[in-house]
Amino acid sequence: MHTQHFIGTRGGQDTALTFKDAVLNPNAAFGGLYTAKKLPKFDEDSIKEFSELNYEELAQEIFRHLSLGVRKEALEEALKLYHHFDDPTTPAPLYSVHPYLHIQKLYCGPTRAFKDMALQPFGSLFSSFLKESKKETDYLILVATSGDTGPATLQSFANKPHIKVVCIYPEGGTSDVQRLQMTTMNADNIEVFGIKGDFDEAQTLLKSLLKDPKFNAILKSKNIALSAANSVNFGRIAFQILYHAYSSLQIFKINHQKIHIIVPSGNFGNALGAFYAKFMGFPIERIWIASNANDVLAEFINTGIYDIAEKSLQKTYSPAMDILKSSNIERVLFTLFEAQRTREFMESLEQIGKYSLTKEELAWIQIYFSATSCDDNYCLQTIKTYAKKGYIIDPHTACGFKAFEEIKAKFPNTPCVLCSTAEWTKFAPTLAKALDLGDLSDKEALEKISQTYNITIPKEIFTLFNQPEIHNQVFDAQTLSQKILEWL
């Protein structure tokens, strides 16, 4: 079996990298992203064999066929972290809310959001790569977050030797619970900075620091290398393929039908995992992107035009989707249209704020994707409707129900999986509003919903309110590099 090589989505690379190298240094040429040069394709016999495996066994098989060169022992150690999730045997369980709709609970890990699915094993794998390299180099890992990536990264890397983490979040752009998950984290090797701006600005700042020669030179003089934990790092994406493959196999095993996967999406990393799973041959018919009022993704998939030139970010009740620049679309473009065309798209986006697909290119995108969007009123009403049926869902999951309604109308009797990306506890004030419980703080809303609907609040969430906020610094984006260097 060949060794997988990683190349930049925008070309300009003389030599292909190993998976390990792409994880440790995710900064590709021309501002691009590293991605796998060749993905495996699975036939019907392979799919049938895979459907008999449990989650960990499936993960090991997919990694083996991806030829990532990860030591068997290192992968096993990383996957063991799933044993600490709610169900030690199945980190991403399915439950049915409709004869043709299954919710995949992706929030069963320590920070109660889907980012744990990738970042728990990723932190372990990253550490194992450092041990294998035997270099006396420390790593600075940068992470920008719209609310869930930050807590999951800090949880994964806290107190890991030879690793320091700086987390950047937009002030006022997360829920109180998400902020507290970051600002109360007590570990010597982490720092958390709020910035004045939105997530797009935080993500742009992260990318600029990754390729800033002066910043990198200063780090090098301190014997520190630079990496990232956002989905710009393919190490994150590798683990996000797994649960989409798993859900498709679970349903295919029962009724031999391909599924429609619904992904509430902002930065497109979760959807990219589903795209790769479908591309490799897992039984996925179509991937539905669910957007909120920031509907640039829905507009792109429906029209072939990605245009943010005149758009401004709107704050909604589903803040993890409040994003205009979705990084991982770039990897889809590369897979379908190769490096030169991808570079043209990305340079156009950077220069004039938009790019357009040809009619033929759009047809290729629509083989894989459909998309829809909804407003905040729909989101709140859906939360209320399903609470009456006994299902308490978070605002992002609520947005996904819009896609299910469209699928049900167009493709009746088709099994669907809706990715539930966060537990309701991370957005309790929004749920309180939807459920007519009043305008409450996070703590008040958690208590009220818990009492009203007889739901237990995980201790990881409720104990946050009794812990001191250690990280309370907020800066302008322009001063951040200096603040990071001062902390180091």
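**Figure 1. Salt bridges across the structure.** The whole structure contains 17 salt bridges, a salt bridge being a side-chain nitrogen of Lys or Arg within 4 Å of a carboxyl oxygen of Asp or Glu. The model is predicted: local features need pLDDT of at least 70, side-chain atom pairs count only at pLDDT 80 or more, and totals for chains, interfaces and linings use all residues. Residues are numbered from 1 along each chain as its sequence is written, and side-chain values use heavy atoms, with hydrogens and water left out.

**Figure 2. The salt bridge between Arg 179 and Glu 469.** The side chains of Arg 179 and Glu 469 meet at 3.2 Å, N to O. This pair links distant parts of the chain, 290 residues apart: Arg 179 is in helix H7 (residues 176-183), and Glu 469 is in the loop between helix H19 (459-462) and strand S15 (473-475). Helices (H or I, at least four residues) and strands (E, at least two) are DSSP runs, numbered from the N terminus. Arg 179 is partly exposed at 23% relative accessibility, and Glu 469 is partly exposed at 36%. Buried means under 20% relative accessible area, exposed over 50%, and partly exposed in between (1.4 Å probe, protein chains only).

**Figure 3. The salt bridge between Glu 361 and Arg 341.** The closest N and O atoms of Glu 361 and Arg 341 are 2.7 Å apart. Glu 361 lies in helix H14 (residues 359-368) and Arg 341 in helix H13, so the pair ties together parts that are 20 residues apart in sequence. Glu 361 is buried at 11% relative accessibility, while Arg 341 is partly exposed at 24%.

**Figure 4. The surroundings of Thr 316.** Thr 316 is placed in the loop between S11 and H13 and is buried, with a relative accessible area of 12%. Its side chain is joined to that of Asn 292 by a polar contact of 2.9 Å. A polar contact is a pair of N or O atoms within 3.5 Å; within protein, one must be able to donate a hydrogen and the other to accept it, and residues adjacent in sequence count only if both atoms are side-chain atoms. A polar atom of the Thr 316 side chain also lies 3.0 Å from the backbone nitrogen of Ser 318.

**Figure 5. Glu 310 in its loop.** Glu 310 lies in the loop between strand S11 (305-307) and helix H13 (329-352). Glu 310 is exposed, with a relative accessible area of 76%. Glu 310 and Lys 354 are 44 residues apart in sequence and 9.6 Å apart in space, C-alpha to C-alpha.
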